[in-house]
Amino acid sequence: MADERGLFIYGIVPSDVEPTPDAQGVGDPPGEVRAIRHGPVAALVGEVELEAALGRPADLTAYQELLDGTAAVAPVLPVRFGTVVTGPDAVADLLDAHGDRFAEALDELEGRVQYVVHGRYEEPELISGVLDDNPAAADLAEQVRGQPEDVTRAQRIRLGEIISQAVELRREAENRELLDTVGALAVSAAPRLPSSELDAVNAAFLVDADQEDDFLDAVEEFAEQRRGLVRTRLLGPLAPYDFVDAHQLAG
């Protein structure tokens with residue numbers, strides 16, 4: 001008995017968008033990507049086995065590469081990863097029910113891409129700065145230096161609490177500065193939750209093509225001002241994952 005097949009939906013695009021012949025999707029082996037059109041919009045889809053376990057790192061990479069590559073040349077609404085329907089009729093029903101809303105959202109995203117600014121503190125420099133700014137923390141650090149952990153457990157716990165609170169306050173200040181300066185050059189900004197206790201900044205920005213150079217210059221200046229304390233990464237251009245309601249697009 002042949003495996004039942006379904007369609008993995010990657011994203012919604014204008015109807016005139018055509019996947020490149022070498023576009024590859026999720027699955028093992030990778031599936032071919034095609035467009036199903038309905039009125040002014042289309043869905044980028046690829047065949048998968050309905051019982052296939054999707055979620056390997058390679059699958060997520062394929063999903064992101066396809067959407068990011070599409071976003072470089074046309075607006076795209078990412079659909080939640082793992083959305084699989086039974087066939088073309090189900091895709092047509094989705095586009096028929098929500099096509100006008102999809103088309104309006106695509107118009108708003110025309111000429112815009114997402115960037116993510118993520119910065120992580122260099123731990124030794126961070127702790128050194130906290131101790132310089134907080135005499136109580138510096139005193140505790142001196143008390144535990146070279147002493148057995150079981151003898152100085154209370155001091156170590158208190159020191160950890162002070163450092164954690166200080167890092168949280170610094171993170172809040174850094175993110176406010178990022179959103180106030182870099183965010184001023186973006187159409188929209190979306191703060192992200194920290195991915196590590198050492199995170200300094202983490203936010204997504206929707207950037208208009210006309211402002212892209214100025215935005216990138218601002219990010220570079222922000223990173224340069226914190227060089228040695230914060231390792232700053234700029235990810236993008238990306239599809240607008242943080243600026244699309246992926247759950248509504250899933251059905």
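The side chains of Asp133 and Arg170 form a salt bridge, at 2.6 Å from N to O. A salt bridge here is a side-chain nitrogen of Lys or Arg within 4 Å of a carboxyl oxygen of Asp or Glu. Asp133 belongs to helix 3 (residues 123-133) and Arg170 to helix 5 (residues 153-181), so the contact ties together parts that are 37 residues apart in sequence. Helices (H or I, at least four residues) and strands (E, at least two) are DSSP runs, numbered from the N terminus. The structure is a predicted model, in which local features need pLDDT of at least 70 and side-chain atom pairs count only at pLDDT 80 or more, while totals for chains, interfaces and linings use all residues. Residues are numbered from 1 along each chain as its sequence is written, and side-chain values use heavy atoms, with hydrogens and water left out.

The two partners were then examined for exposure. Residues are called buried under 20% relative accessible area, exposed over 50%, and partly exposed in between (1.4 Å probe, protein chains only). Asp133 counts as exposed because its relative accessibility is 61%. Arg170 has a relative accessible area of 22%, so this residue is partly exposed.

A search of the whole structure finds 13 salt bridges. One of them joins the side chains of Arg112 and Asp208, at 3.5 Å from N to O. This pair links distant parts of the chain: Arg112 sits in strand 6 (residues 112-121) and Asp208 in strand 8 (residues 199-208), 96 residues apart. Arg112 is partly exposed, with a relative accessible area of 27%. Asp208 is also partly exposed, at 21%. Another salt bridge connects the side chains of Arg145 and Glu142, at 2.4 Å from N to O. Arg145 counts as exposed because its relative accessibility is 51%. Arg5, Glu47 and Glu49 are linked in a network of salt bridges.

Two strands pair if DSSP finds at least two bridges between them. Strand 6 and strand 8 pair in the antiparallel sense, over nine bridges. Within this pairing, Tyr115 has Phe205 of strand 8 as its bridge partner. Strand 6 also runs antiparallel to strand 9, with seven bridges joining the two. Eight of the ten residues of strand 6 are buried, so the strand is largely enclosed by the rest of the structure.

Leu206 lies in strand 8. Its relative accessible area is 6%, so Leu206 is buried. The C-alpha atoms of Leu206 and Val85 are separated by 29 Å, and the two residues are 121 residues apart along the chain. Leu238 lies in strand 9 (residues 230-238). Leu238 counts as buried because its relative accessibility is 15%. Leu238 and Thr70 are 168 residues apart in sequence, yet 9.1 Å apart in space, C-alpha to C-alpha.

Strand 3 also pairs with two strands. Strand 1 (residues 5-14) and strand 3 (residues 41-49) pair in the antiparallel sense, and nine bridges join them. Ile12 stands opposite Ala43 of strand 3. Strand 2 (residues 33-38) and strand 3 are antiparallel as well, over six bridges. In this pairing, Val33 has Gly46 of strand 3 as its bridge partner. The hairpin of strand 2 and strand 3 has two residues between the strands, and Gly39 takes a positive phi near 65° there.

Strand 3 is mostly covered, with seven of its nine residues buried. Glu47 lies in this strand. Glu47 is partly exposed, because its relative accessible area is 43%. Glu47 and Thr232 are 185 residues apart in sequence and 38 Å apart in space, C-alpha to C-alpha.

The surface carries a negative patch formed by Asp100, Glu104, Asp107, Glu108 and Glu110. Patches are made of residues with over 30% relative accessible area and no salt bridge; like charges are joined within 9 Å, and nonpolar side chains (Val, Leu, Ile, Met, Phe, Trp, Tyr) within 5 Å. Glu108 is found in helix 2 (residues 88-109). With a relative accessible area of 49%, Glu108 is partly exposed.

Technical notes:
Accessible areas come from the Shrake-Rupley method with a 1.4 Å probe; for residues, only the protein chains shown count as cover. Lys and Arg count as positive and Asp and Glu as negative; His and the chain ends are not counted. The place of a charge is taken as NZ of Lys, CZ of Arg, CG of Asp or CD of Glu.
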